[in-house]
Amino acid sequence: MKLLGAIEAGGTKFVCGIGHEDGEVLDRVSFPTTTPAETMGHVLDYFAGKQVEALGIGSFGPIDPVIGSPTYGYITTTPKPHWGSFNLVGAVAGHLSVPIGFDTDVNGAALGEYTWGAAKGLDSCLYITVGTGIGAGAVAGGELIHGLSHPEMGHIVVRRHPEDPYEGFCPYHGDCLEGLAAGPAIGKRWGRPAGELPEDHPAWEMEAHYLAHALMNYVLILSPQKIVMGGGVMKQSQLYPLIHRKLQELLAGYVQHSALNAGIGSYVVPPALGDNAGLAGALGLARLALRKSAD
Ligand code: ADP
Ligand code: ZN
């Protein structure tokens, strides 16, 4: 079986690995994200002599994933020091002459869940991560969604919870979804890190309110056949049933499908690939790049 390389490029850490076309991860290493020069040095050292036939990169963003664009392969406007306008694909392509797939971390995770995980066998799915930030990626008709660039589904506008005085922390939009519902928003609103709040704290009802509003919009706009929710905040497993109920209330029976009625518990689900979702997603991007290069 062909060996593929995978890079999960995160703002806090980079994870590199190798795996097979069937999604099996054979090896992984992780190191902190420091400067591009130092970090890419570790990446290139790792892949030297590994004989991978294609490489997939799922990256934090915003990025330019549009092939043919002058800044294709770049991390574009990130506030993370040193990484704005950095040519990530270029930094790798100069040393490894194999097909490279490049996309957002969440588009990668959506592809991984679609190919091997919770959405296997379907035509579409949406993956959303609720962590330090909020981002989502989607597969529709078997293809990852791009357009001008990539979707930014974490920054949508949601109806505010009537009892929420918190102004939101998004530096661009204040109280967009990410500003109100990413992990840091929960910590700032309640004065304690999200992971330290008890399971029955009112924070979770409010969190479910915001996430269910986002999911309602995604269902109405994209009609995905499965929604996979990952990221640190979703470790609070009590959120899933709260979100199921609120999503049904918000949709109010308008979209008629069994997945949104009796099937809601298996419609909005945790990642089947678990904590490997990011790396498996990058492996999925490598597999796709290999297939496209053979067309
Ligand atoms: P990142 O988004 O940086 O890749 P994570 O997905 O782990 O990383 O998200 C980190 C965020 O998730 C932090 O804001 C943290 O407060 C929150 N978080 C981590 N673990 C938990 C937990 N068990 N319960 C609730 N929130 C958590
Ligand atoms: Zn925003």
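**Ligand site and its surroundings**

A: Let's start with T132, whose side chain has an N or O atom 2.6 Å from an oxygen atom of ligand 1. Please keep in mind that this is a predicted model, where local features need pLDDT of at least 70, side-chain atom pairs count only at pLDDT 80 or more, totals for chains, interfaces and linings use all residues, and side-chain values use heavy atoms, without hydrogens or water. Residues are numbered from 1 along each chain as its sequence is written, while chains are lettered from A and ligands numbered from 1 in the order in which they are written.

G232 brings a backbone N or O atom to 2.8 Å from an oxygen atom of ligand 1, and Q236 has a polar side-chain atom 2.8 Å from a nitrogen atom of ligand 1. The residues around ligand 1 (a heavy atom within 4 Å of it) are G131, T132, G183, P184, A194, G195, G231, G232, V233, K235 and Q236.

Stepping back, the protein chain divides into domain 1 (3-104 + 275-294) and domain 2 (118-270), with bounds from an automatic or database domain assignment. Their C-alpha centres are 26 Å apart. In the contact (heavy atoms within 4.5 Å), domain 1 takes part with 12 residues and domain 2 with 11 residues.

Together the two domains bury about 750 Å², 51% of it on carbon and sulfur atoms; buried area is the accessible area (1.4 Å probe) that two parts lose on being put together, summed over both. P65, V66 and D103 account for 37% of the area that domain 1 buries against domain 2, more than any other three residues.

Between the domains there is 1 salt bridge (a side-chain nitrogen of Lys or Arg within 4 Å of a carboxyl oxygen of Asp or Glu). The partners are K292 and E143, at 3.8 Å from N to O. On the side of domain 1 that touches domain 2, the elements giving two or more residues are β7 (100-104) and α8 (277-294); such helices (H or I, at least four residues) and strands (E, at least two) are DSSP runs, numbered from the N terminus. The largest share of that side, 4 residues, comes from α8.

Finally, a pair of backbone details may interest you. The peptide bond from G61 to P62 is cis, with omega near 5°, and P62 sits in the loop between β4 (55-59) and β5 (74-75). H82, although not a glycine, has a positive phi of about 75°; this residue lies in the loop between β5 and β6 (86-87). For context, most residues other than glycine have a negative phi, and most peptide bonds are trans.

Key. A polar contact is a pair of N or O atoms within 3.5 Å; within protein, one must be able to donate a hydrogen and the other to accept it, and residues adjacent in sequence count only if both atoms are side-chain atoms.
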